[in-house]
Amino acid sequence: MLLEDQRFLHEDLERLEQGISDRTLEDPRHIRDRLNRDHQISGFLTRIQQQSKRLLDIYNDTEGLRTKEIQSISTGDPFDEFYKQLNDIKDFHRRYPNEPVENLERAYKRKAPGEGESATAEIDHMFTGEEAYGRFLDLTRLHEDYLNLPGVQSRRVTYLQYLSIFDHFTPPHCPIKRSEKTTNQYFNYVGSLAEYLEGFLRRTRPLDDLDKIFASFDQEFEKAWEAKEVLGWSTETQSVGPTAPITEGTGEGIWCADCEKEFKNDNVYRNHLTGKKHTKAAESRKANANGTTNGETARSANKSSASSTAKNLKERAIAEREWRIRKFASTMETVRSDTRVNVERRQGMTERERQQELDALFAESAEPSLRPSGAADDESDSSDDEKIYNPLKLPLAWDGKPIPYWLYKLHGLGVEFNCEICGNFVYMGRRAFDKHFNEARHIYGLKCLGITNTTLFREITNIEDALKLWDKIARDKKKEKTGGENIVQMEDAEGNVMPEKVYYDLQKQGLL
């Protein structure tokens with residue numbers, strides 16, 4: 001009975017469209033209800049695609065069954081065909097008397113809170129308590145994995161610092177060298193981080209075309225990898241001659257790739273090239289680059305080429321995951337900043353205050369489901385007319401109500417701080433004033449004055465003071481550079497470079 005299946009699919013599509021339109025007209029106040037609505041609409045859209053594909057297959061009629069059924073109905077005695085199909089239906093229900101009948105009208109209809117709809121239970125199990133229904137990130141487990149990576153174990157990176165640097169994979173933020181990134185531990189770490197961020201996006205944005213966005217990320221990576229422009233994975237160049245490229249270190253001096261050392265002075269670097277230590281390091285690196293020696297056989301050459309290919313494939317997979325993590329982090333920049341603020345706020349709370357806040361969050365999300373629809377409408381109408389009494393113009397808390405006056409005085413929110421660099425913008429409270437030095441407004445104001453190094457200009461708000469300090473820093477750098485060129489550098493037998501005075505002092509003490 002293909003015609004009945006065809007009619008059923010058409011009805012199902014219309015019911016699905018009606019269900020989507022009913023949910024689109026809603027405007028839930030709580031984030032859990034909004035996520036529940038979006039996930040239901042996403043499920044309906046997926047079912048529309050599946051049912052439309054089935055309906056299209058029926059219309060194509062590749063086997064000719066639909067044409068035969070139409071011919072059997074249109075030709076011959078119509079009552080004979082009618083009673084034949086009626087007997088088939090009775091026979092089916094006689095064999096399966098308890099077969100349930102699907103009611104499409106009730107299947108996609110929006111149920112009232114009292115009818116026992118439990119769709120929000122799926123949303124409750126979808127997020128952890130730290131994520132707060134998709135408002136914040138929960139990277140605590142990944143932070144522990146990051147601290148156990150080789151090269152990071154000696155550094156104490158707090159969770160708040162990790163939220164700012166988890167998408168940085170190059171020095172100075174990430175101390176892990178390129179040779180250490182090919183380990184299985186680092187590969188599993190970046191894979192888990194990319195998988196978590198991708199899953200977080202799918203859980204919080206069910207109506208976005210994420211597959212298309214992820215495909216664009218992969219295409220951009222393919223182009224960057226072929227052009228060798230992936231950050232941290234570009235081809236290493238070997239230094240030839242007296243001048244070497246600036247590839248690592250602080251970026252202010254000359255980098256020696258053989259010895260993995262940085263030199264501030266060009267003359268020191270030239271003298272270093274003739275030292276024994278540099279000569280040995282250059283020979284060992286050249287031997288490693290040439291690959292095979294005279295005594296190696298063809299089998300060992302094939303084995304080394306195979307291992308090199310496997311290493312390149314692994315490096316490409318790691319670089320791809322790092323690329324995706326950077327793209328995910330840029331997409332979720334707002335959630336990331338909110339997470340840092342939330343972590344900083346929760347660090348100053350006691351365990352009892354955290355539990356009270358969590359209970360209030362669950363109570364607020366469960367409260368609308370316990371009220372009847374009429375009472376909810378009346379309360380929404382009355383809440384629209386109600387105005388918050390705030391004669392002192394106090395800031396609003398997370399619940400939309402003014403904060404207590406003692407808290408307002410405690411944080412000094414009534415004190416005004418003026419910043420001339422930000423265009424005479426006024427910041428209320430010491431905390432907002434301290435935070436604005438790292439914000440885009442203040443940094444842009446310093447760049448307009450020609451100041452690039454913004455870290456040294458904290459607590460400076462006047463334009464005249466900032467220009468004076470910048471001129472002083474420029475003079476000191478110029479003086480230090482000219483003074484450093486006149487210093488005589490000495491090198492010991494092991495290739496260690498030091499000033500002449502230090503060299504003779506160590507020689508008099510018999511330490512060289």
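A residue counts here as buried under 20% relative accessible area, as exposed over 50%, and as partly exposed in between, with a 1.4 Å probe and protein chains only. The structure is a predicted model, so to speak a computed one, in which local features need pLDDT of at least 70, side-chain atom pairs count only at pLDDT 80 or more, and totals for chains, interfaces and linings use all residues. Residues are numbered from 1 along each chain as its sequence is written, and side-chain values use heavy atoms, with hydrogens and water left out.First, the overall picture. The protein chain has 21 helices and six strands; these are DSSP runs numbered from the N terminus, with helices being H or I of at least four residues and strands being E of at least two. Of its 512 residues, 28% come out as buried. The chain exposes about 34,100 Å², and carbon and sulfur atoms supply 52% of that area, as given by the Shrake-Rupley method with a 1.4 Å probe, where for residues only the protein chains shown count as cover. As for contacts (heavy atoms within 4.5 Å), those between residues at least 6 apart in sequence were taken, and 56% of them join residues at least 24 apart.

Next come the salt bridges. The rule asks for a side-chain nitrogen of Lys or Arg within 4 Å of a carboxyl oxygen of Asp or Glu, and it gives a count of 24 salt bridges. One of these pairs Arg37 with Asp38, with 3.3 Å between the closest N and O atoms. Arg37 is buried, at 15% relative accessibility, and Asp38 is buried too, with a relative accessible area of 15%.

In terms of accessibility, Arg94 is exposed at 58% and Arg95 is exposed at 52%, whereas Asp91 is partly exposed, with a relative accessible area of 33%.

Salt bridges also join up into a network, which links Glu198, Arg202, Asp211, Asp218 and Arg324. Some of these names come back in the packing of two helices. Two packed helices are described by the angle between their axes and the distance between the axes. For helix H9 (residues 184-204) and helix H10 (residues 210-226), the axes come within 11 Å and cross at roughly 150 degrees. H9 is therefore roughly antiparallel to H10, given that angles over 145 degrees count as roughly antiparallel, under 35 as roughly parallel, 65 to 115 as roughly perpendicular and the rest as oblique. The axes are lines fitted to C-alpha atoms, for helices over the stretch in contact, and the angles run from 0 to 180 degrees between N-to-C directions. At the residue level, Glu198, Leu201 and Arg202 in H9 meet Leu210, Asp211 and Phe214 in H10.

Finally, there is Arg431, which lies in helix H18 (residues 430-435). Arg431 is partly exposed, with a relative accessible area of 44%. The C-alpha atoms of Arg431 and His411 are separated by 7.6 Å, and the two residues are 20 residues apart along the chain.
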